[in-house]
Amino acid sequence: MAETKTKVSKNAKKLDALQKHDIGEELALELMRDMLLYRRFEEKVEEAYAIGKIGGFCHLHIGQEGAAAGTIRPLREDDYVMSAYREHTQAIAKGVTPNAVMAELFGRATGASGGKGGSMHVFDAKTRFMGGHGIVGGQVPLATGIAWKIKYRGEDSVIVVYMGDAAVNQGGFHEALNMAAVWQLPIIYVVENNAYGMGTAFSRVSLTDMMTKSAPYGIPAHSVNGQDVLETYAFFRDLVADIRAGAGPQFIDLQTYRFRGHSMSDPVSGTYRSVEEVEKAKIEEDPIALLRDELFRMDILDQDALNQMDEVARRISAESVEFAEASPLPDPSALYEHVWAEVNPNGRLFFDGRDRG
Ligand SMILES: Cc1ncc(C[n+]2csc(CCOP(=O)(O)OP(=O)(O)O)c2C)c(N)n1
Ligand SMILES: [Mg+2]
């Protein structure tokens, strides 16, 4: 290809990818930093789990980083996020520190949930990250309740609730969407559609396409490529603005793919998908590599700058492990906090035993 032609096409590409989505160069680099941090953080989790430092169930988000960075960066601090159990990176994206997430995984008192929630129950009311939920689909009605509270109090926050593709066959999902539609609540239902619920392909448990799932309730459905973080970011930025302006509930089929097994105790491919399928996705659908190639093509990033970003991501992740290891276990007395109910003199039920008069 002639040199001039290359230059022209480079410039055209630059105009194309950034202007198409109205995303500035610095923001594109931020999205890269976000995803690198999520990848390196999860690799540290994987390492710590393998040597027995993290116990219980543990589900990694590796391969799905675009779904965290692209959907949460457009939110404000006073917006809410609620998720399922594959939520470490979404917690970090919403503002929970990597230290507090890693310490939670290590079961330490400095963890986001005081070390008593573990991998599936990272929770932080301060940053409005409302968990971390282990029951498939259980978070969907809860998040709808928060959306109702936002509307009832006349606030202009929104809530984004994530679920896996398997959750759309749960009864609570359908009841919640119906109520959200009737009340026109400010909520985005995001299906992180990685095509499998554990070892079961979505096509085996649903005769209808994902995009039809919200149709009975009159909730608009949108399909977004979650491996393209620029597309995901731009879509959510505009959608959140629409919801603040009163557009009502929305349903997103966010196409993604997980590069690891369902949980840390499962094989990467298993018998439900082939090694070739996973390897192909890792080459063709890695959200980090796709953005990298795009930024390289646009001359916004080069290998040296990328290496520096990666160094920072690795350092923050390594430091979170050091922080977790140096943190104390919860005091035994913490066992008795947050676990029992008490009826006050007015007949109201509180779940933390504190006397509220
Ligand atoms: C109500 C309920 N049923 C079954 C399970 C066991 N279970 C845990 S994860 C999972 C699969 C969920 O898959 P999906 O919703 O697609 O999320 P992904 O793991 O792909 O992110 C199942 C069946 C559960 N936790 N809760
Ligand atoms: Mg799934």
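**Entry 1: the model.** I recorded that this is a predicted model, in which local features need pLDDT of at least 70 and side-chain atom pairs count only at pLDDT 80 or more, while totals for chains, interfaces and linings use all residues. Residues are numbered from 1 along each chain as its sequence is written, and chains are lettered from A and ligands numbered from 1 in the order in which they are written.

**Entry 2: helix 2.** Helix 2 has 26 residues and spans 38 Å from first to last C-alpha, close to the 38 Å expected at 1.5 Å a residue; the expected span is 1.5 Å times one less than the number of residues. After helix 2 I found G52, with a positive phi near 80°.

**Entry 3: helix 2 with helix 12.** I read an angle of about 40° between helix 2 (residues 25-50) and helix 12 (residues 303-326), with their axes 8 Å apart. Axes are lines fitted to C-alpha atoms, for helices over the stretch in contact, and angles run from 0 to 180 degrees between N-to-C directions. Helix 2 and helix 12 are therefore oblique to each other; angles under 35 degrees count as roughly parallel, over 145 as roughly antiparallel, 65 to 115 as roughly perpendicular and the rest as oblique. The contact includes M32, L36 and F41 of helix 2 and A313, I316 and V321 of helix 12; two residues are in contact if their C-beta atoms, placed from the backbone, lie within 7 Å. I noted 10 nonpolar, 2 polar and 5 charged residues in this contact.

**Entry 4: helix 2 with helix 11.** Helix 2 and helix 11 (residues 287-297) pack at about 150°, with axes 10 Å apart, and are therefore roughly antiparallel. I saw A28, L31, M32, M35, L36 and R39 in helix 2 meet P287, I288, L291 and L295 in helix 11. This contact has 9 nonpolar residues, no polar and 1 charged.

Technical notes. Helix = DSSP H or I, 4+ residues; strand = E, 2+ residues; numbered from the N terminus. Nonpolar A, V, L, I, M, F, W, Y, C, P; charged D, E, K, R; others polar.
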